[in-house]
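Me: I have a new structure to look at. Can you walk me through it?

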Amino acid sequence: MSIAAKLASLGVTLSDAPAPAANYVPFVRVGNIIYVSGQISKTDDLITGKLGDDMDVDVGAAAAKVCAINLLAQVKAACGGDIEKLVRVIKLTGFVNSTADFTAQPQVINGASDFLVEALGEAGRHSRSAVSAASLPLGVAVEIEGIFEVQ
């Protein structure tokens, strides 16, 4: 099954890649590797909150899934609109807006990891870091950056 067909079967449509919010580019391609800048938890609205305070792990994981979808939108843009050129996810670095005593960052970032494996199968398996942040841009709950292999 193609990547686009699998995403459609999951009810996911990749929108246009979000534009950068400051002086940086959304991705850099070096050979067959694409480095995607941090994607925040934003659909039509921002998903804001602080894990361990006003947001629980399940809602944080859903925010991380949104970040993963935004990452794929950037990969699609980097591949000239052809998501089928994606070979595999190499690495994710996830940042969780959380309180000092919150320790479930991995479970939050699992929202992105689980989605990528569900959507891409073995090609979605990746190395990963999941870290806490005292705050994130615009008060978002999660930001994730990624490294991808493409054709």
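Reply: First, a term: contact, or touching, means heavy atoms within 4.5 Å. Leu-136 touches Phe-95, Val-96, Asn-97, Ala-141, Val-142 and Glu-143, leaving out residues up to four places away in sequence. The model is predicted, so local features need pLDDT of at least 70 and side-chain atom pairs count only at pLDDT 80 or more, while totals for chains, interfaces and linings use all residues. Residues are numbered from 1 along each chain as its sequence is written, and side-chain values use heavy atoms, with hydrogens and water left out.

Me: Where is Leu-136 found?

Reply: Leu-136 lies in the loop between strand E4 (127-133) and strand E5 (142-150). Helices (H or I, at least four residues) and strands (E, at least two) are DSSP runs, numbered from the N terminus.

Me: And is Leu-136 buried or exposed?

Reply: Buried, because its relative accessible area is 11%. Buried means under 20%, exposed over 50%, and partly exposed in between (1.4 Å probe, protein chains only).

Me: How far apart are Leu-136 and Phe-95?

Reply: In sequence, 41 residues. In space, 8.0 Å from C-alpha to C-alpha.

Me: New topic. At what angle do H2 and H3 pack?

Reply: Helix H2 (residues 57-78) and helix H3 (residues 105-120) pack at about 45 degrees, with axes 7 Å apart. Axes are lines fitted to C-alpha atoms, for helices over the stretch in contact, and angles run from 0 to 180 degrees between N-to-C directions. H2 and H3 are therefore oblique to each other. The cut-offs: under 35 degrees is roughly parallel, over 145 roughly antiparallel, 65 to 115 roughly perpendicular, and the rest oblique.

Me: Which residues make that contact?

Reply: On H2, they include Val-57, Ala-61, Ala-64 and Leu-72. On H3, Val-108, Ala-112 and Phe-115 are among them.

Me: What about Gln-105?

Reply: Gln-105 is in helix H3. Gln-105 counts as buried because its relative accessibility is 9%. Beyond residues up to four places away in sequence, Gln-105 touches Val-96, Ser-98, Ala-130, Val-131 and Ser-132.

Me: How many salt bridges are there?

Reply: The count is 1. The rule asks for a side-chain nitrogen of Lys or Arg within 4 Å of a carboxyl oxygen of Asp or Glu. Here the side chains of Arg-125 and Glu-122 meet at 3.0 Å, N to O.

Me: Why can side chains pair like that?

Reply: Side chains of opposite charge can pair when their charged atoms come close.

Me: Is Glu-122 buried or exposed?

Reply: Exposed, because its relative accessible area is 57%. Arg-125 counts as partly exposed, at 43%.
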